[in-house]
Amino acid sequence: MLKITITDLPDEQRWSLQGQLVGQWAAELLSTWREGHHEGDVRRCIVELVDVTFVDRSGEAVLAEIMSQGAEFLAKDVYTRHLLRGLRSELQRSRKDRKRG
């Protein structure tokens with residue numbers, strides 16, 4: 001199960017996630033993200049992964065999409081921070097490849 005809490009503030013939109021970012025819950029996050037986050041929004045968007053206990057491949061794909069749209073992430077545990085570093089590196093690499101091609 002995944003709990004998604006969205007807090008709208010004047011200068012930021014904060015997404016707090018709790019639980020497992022897997023399968024149907026990852027799909028639910030992506031759907032909610034597409035409905036609740038607007039590209040023209042100039043506020044900072046922060047995604048808190050502090051209370052996420054597990055991320056599978058589908059969850060990684062959702063995080064990568066959210067990251068590609070400029071969201072910032074907060075994580076405490078080593079596993080999640082390592083996962084985010086890998087996604088960030090992959091995103092940067094793909095952007096460089098697009099510029100070359």
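These questions and answers walk through the sheet and helices of a predicted model.

Trainee: How many bridges join β1 to β2?
Mentor: A hairpin of three residues links β1 to β2. The two strands run antiparallel. Thr 7 has Arg 14 in β2 as its bridge partner. The number of bridges joining β1 to β2 is seven.

Trainee: Do β2 and β3 run parallel or antiparallel?
Mentor: Strand β2 covers residues 12–21, and strand β3 covers residues 44–55. Leu 21 stands opposite Val 55 in β3. Nine bridges join β2 to β3, and the direction is parallel.

Trainee: Which residues form the aromatic pair?
Mentor: A search of the whole structure finds one such pair. The ring centres are 5.1 Å apart, with 50° between the planes, and the pair is tilted. One partner lies in strand β2 and the other in helix α1, so the pair ties together parts that are 18 residues apart in sequence. The residues are Trp 15 and Trp 33.

Trainee: Are α1 and α2 roughly parallel or roughly antiparallel to each other?
Mentor: Their axes come within 8 Å and cross at roughly 15°. Angles under 35 degrees count as roughly parallel. α1 and α2 are therefore roughly parallel.

Trainee: How many nonpolar, polar and charged residues does the contact of α1 with α2 have?
Mentor: α1 passes α2 in a left-handed crossing. From α1 come Gly 23, Ala 26, Leu 29, Leu 30, Trp 33 and Arg 34. They meet Ser 58, Gly 59, Val 62, Glu 65 and Ile 66 in α2. By class, the contact has six nonpolar, three polar and two charged residues.

Trainee: Why is α2 oblique to α3?
Mentor: Helix α2 (residues 57–68) and helix α3 (residues 78–100) have axes that come within 10 Å. Angles from 65 to 115 degrees count as roughly perpendicular, and those under 35 as roughly parallel. α2 is oblique to α3 because of their crossing angle, which is roughly 55°.

Trainee: Which residues of α3 make the contact with α2?
Mentor: α2 passes α3 in a right-handed crossing. On α2, the contact uses Glu 60, Leu 63, Ala 64, Met 67 and Ser 68. The residues of this contact divide into seven nonpolar, one polar and three charged. Those of α3 are Leu 83, Leu 84, Leu 87, Arg 88, Leu 91 and Arg 95.

Trainee: Which residues does Asp 8 touch, not counting those up to four places away in sequence?
Mentor: Asp 8 is in strand β1. Asp 8 and Ala 61 are 53 residues apart in sequence and 24 Å apart in space, C-alpha to C-alpha. Leaving out residues up to four places away in sequence, Asp 8 touches Gln 13 and Arg 43.

Technical notes. Residues numbered from 1 in each chain as written. Predicted model: local features only at pLDDT ≥ 70, side-chain atom pairs only at ≥ 80, totals over all residues. Heavy atoms only, no water. Axes fitted to C-alpha atoms, helices over the stretch in contact; angles between N-to-C directions. Helix = DSSP H or I, 4+ residues; strand = E, 2+ residues; numbered from the N terminus. Parallel < 35°, antiparallel > 145°, perpendicular 65-115°, else oblique. Left-handed = near helix turned anticlockwise from the far one by under 90°. Contact = heavy atoms within 4.5 Å. Nonpolar A, V, L, I, M, F, W, Y, C, P; charged D, E, K, R; others polar. Pairing = 2+ DSSP bridges. Phe/Tyr/Trp six-rings, centres within 6.5 Å; stacked < 30°, edge-to-face > 60°.
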